[in-house]
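Here is a friendly walk through one protein model, written for someone who likes to look at contacts and side chains. Please keep the sequence and the 3D view open as you read.

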Amino acid sequence: MQRFQFKTVAEYILYMTTPIYQRTLQRAVSCSGIGLHSGKTVHLTLKPASINHGIKFVRKDLPDNPCIPARFNCVVDTSLATVIGTDGVIVSTIEHLMACLAGLSIDNVIVELDSYEVPVMDGSAGPFTRMILDAGIRELEAPRHFFRLTDPIELEQDGKFVGAYPDDTFKITCHIEFEHPLIRSQSCTIEVVDHVFEREISSARTFGFLHEVEYMKRYGLARGGSLDNAVVIDENNVLNDEGLRYEDEFVRHKLLDSIGDFSLLGMPILGHIITRKSGHAFNHAFLERFFSEKASWHTQTLPEPVAVASKTAKSLAI
Ligand SMILES: [Zn+2]
């Protein structure tokens with residue numbers, strides 16, 4: 001069996017948790033569902049893509065099949081969902097699919113759609129996660145490029161906060177506060193690693209308050225929204241018959257949204273991101289701050305581990 005040697009424990013942990021080569025899918029996979037805001041049926045196909053392609057959305061329903069990169073500088077709206085666009089063509093509600101791709105360390109994918117909104121599925125990233133794991137993940141012969149934080153970057157406004165701090169792996173902490181007896185104050189931290197994302201975060205559904213849902217429907221928004229794709233709460237209760245999937249499903253969904261939002265940096269991060277009372281719009285404002293503070297990070301690839309020649313090599317060899 002091949003054995004490897006690491007200089008430090010941090011290097012070993014990084015190697016065990018973080019793929020160092022770019023990844024894509026083994027084969028194409030498709031699904032269909034309705035758009036949360038449009039209420040329209042959408043067909044979605046994920047296709048393998050080559051080295052350095054990144055994540056790009058393709059509108060198959062429009063002439064010339066326009067293509068929109070999933071990058072922070074293509075974000076055109078963050079009021080109800082994360083919307084990207086170029087030249088007047090948009091794709092809406094990308095955050096759960098983006099979270100899934102980032103959570104499973106998938107770097108290169110073509111996302112084909114026949115409408116302008118990613119299907120909401122069950123309101124979580126669980127169906128996308130199962131679809132991708134079913135297709136299989138393929139490693140490509142090129143290193144992944146990472147942003148590595150070297151100094152803190154922070155943004156605070158009106159009680160909202162996002163900070164990014166140096167760390168050896170990618171971690172996110174989210175903290176939410178709502179004046180509601182079922183939510184109150186919740187915090188959650190995860191290390192963004194395939195199996196942790198799949199098990200702890202991917203199935204957490206989006207949530208809404210009954211009065212907000214009624215208000216949005218009155219104005220023609222959230223047309224596809226129902227108890228099949230969101231947790232809805234009234235003043236004291238969860239209205240979904242099956243209840244919650246996790247006791248703290250609300251903050252876990254916030255974490256899911258945040259992973260999707262920060263993936264729009266375009267490359268994975270080595271650092272710890274902490275958010276407090278943030279949402280899509282404030283996360284996006286943080287991405288702009290991130291790129292304005294270029295002295296606080298650098299980009300890098302990760303070295304291949306050094307193979308150990310002798311069985312008598314010292315500790316930290318596996
Ligand atoms: Zn969400």
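## Leu-256 and its surroundings

Leaving aside neighbours within four places in sequence, Leu-256 is in contact with His-96, Ala-99, Ser-124, Ala-125, Phe-197, Ile-201, Ser-202 and Ala-204. Contact here means heavy atoms within 4.5 Å. Leu-256 sits in helix H6; helices (H or I, at least four residues) and strands (E, at least two) are DSSP runs, numbered from the N terminus. With a relative accessibility of 0%, Leu-256 counts as buried. For this term, buried means under 20% relative accessible area, exposed means over 50%, and partly exposed lies in between (1.4 Å probe, protein chains only). Leu-256 and Glu-95 are 161 residues apart in sequence, yet their C-alpha atoms are 8.2 Å apart in space.

Before going on, a word on how to read this: the model is predicted, local features need pLDDT of at least 70, side-chain atom pairs count only at pLDDT 80 or more, and totals for chains, interfaces and linings use all residues. Residues are numbered from 1 along each chain as its sequence is written, and side-chain values use heavy atoms, with hydrogens and water left out.

## Asn-283, a buried polar residue

Which helix holds Asn-283? Asn-283 is found in helix H7, residues 280-292, and at 2% relative accessibility it counts as buried. Beyond its neighbours within four places in sequence, Asn-283 is in contact with Val-162, Ser-258, Asp-261, Phe-262, Thr-275 and Ser-278.

## Salt bridges

How many salt bridges does the structure hold? There are 15, where a salt bridge is a side-chain nitrogen of Lys or Arg within 4 Å of a carboxyl oxygen of Asp or Glu. One of them joins the side chains of Arg-144 and Asp-107, at 3.0 Å from N to O. Arg-144 lies in the loop between strand S11 (137-143) and strand S12 (146-149), and Asp-107 in the loop between helix H2 (95-103) and S10, so the pair ties together parts that are 37 residues apart in sequence. Both Arg-144 and Asp-107 are buried.

Arg-276 and Glu-156 also meet through their side chains, at 3.8 Å from N to O. Because Arg-276 belongs to strand S19 (residues 269-276) and Glu-156 to strand S13 (residues 153-157), this pair ties together parts 120 residues apart in sequence. Arg-276 is partly exposed at 34% relative accessible area, while Glu-156 is exposed at 54%.

A further salt bridge links Glu-242 and Arg-205, at 2.9 Å from N to O. The two come from distant parts of the chain, 37 residues apart: Glu-242 is in the loop between strand S18 (231-233) and helix H6 (249-262), and Arg-205 is in the loop between helix H4 (194-201) and strand S17 (207-209).

## Strands around S4

Strand S3 (residues 29-34) pairs with strand S4 (residues 41-48) in the antiparallel sense, over 6 bridges; two strands pair if DSSP finds at least two bridges between them. Ser-32 has His-43 in S4 as its bridge partner. S3 and S4 form a hairpin with 6 residues between them, and Gly-39 in the turn has a positive phi of about 75°.

S4 also pairs with strand S10 (residues 109-113), in the antiparallel sense over 5 bridges. Here the bridge partner of Lys-47 is Ile-110 in S10.

## Cysteines

How many disulfides does the structure hold? The count is 0, with a disulfide taken as a pair of cysteine sulfur atoms within 2.5 Å. The sulfur of Cys-31 is 10 Å from the closest cysteine sulfur, in Cys-100, which is too far for a bond. Cys-174 is in no disulfide either, and the nearest cysteine sulfur, that of Cys-188, is 7.7 Å away. Cys-31 is buried, at 14% relative accessible area, and Cys-174 counts as buried at 0%.
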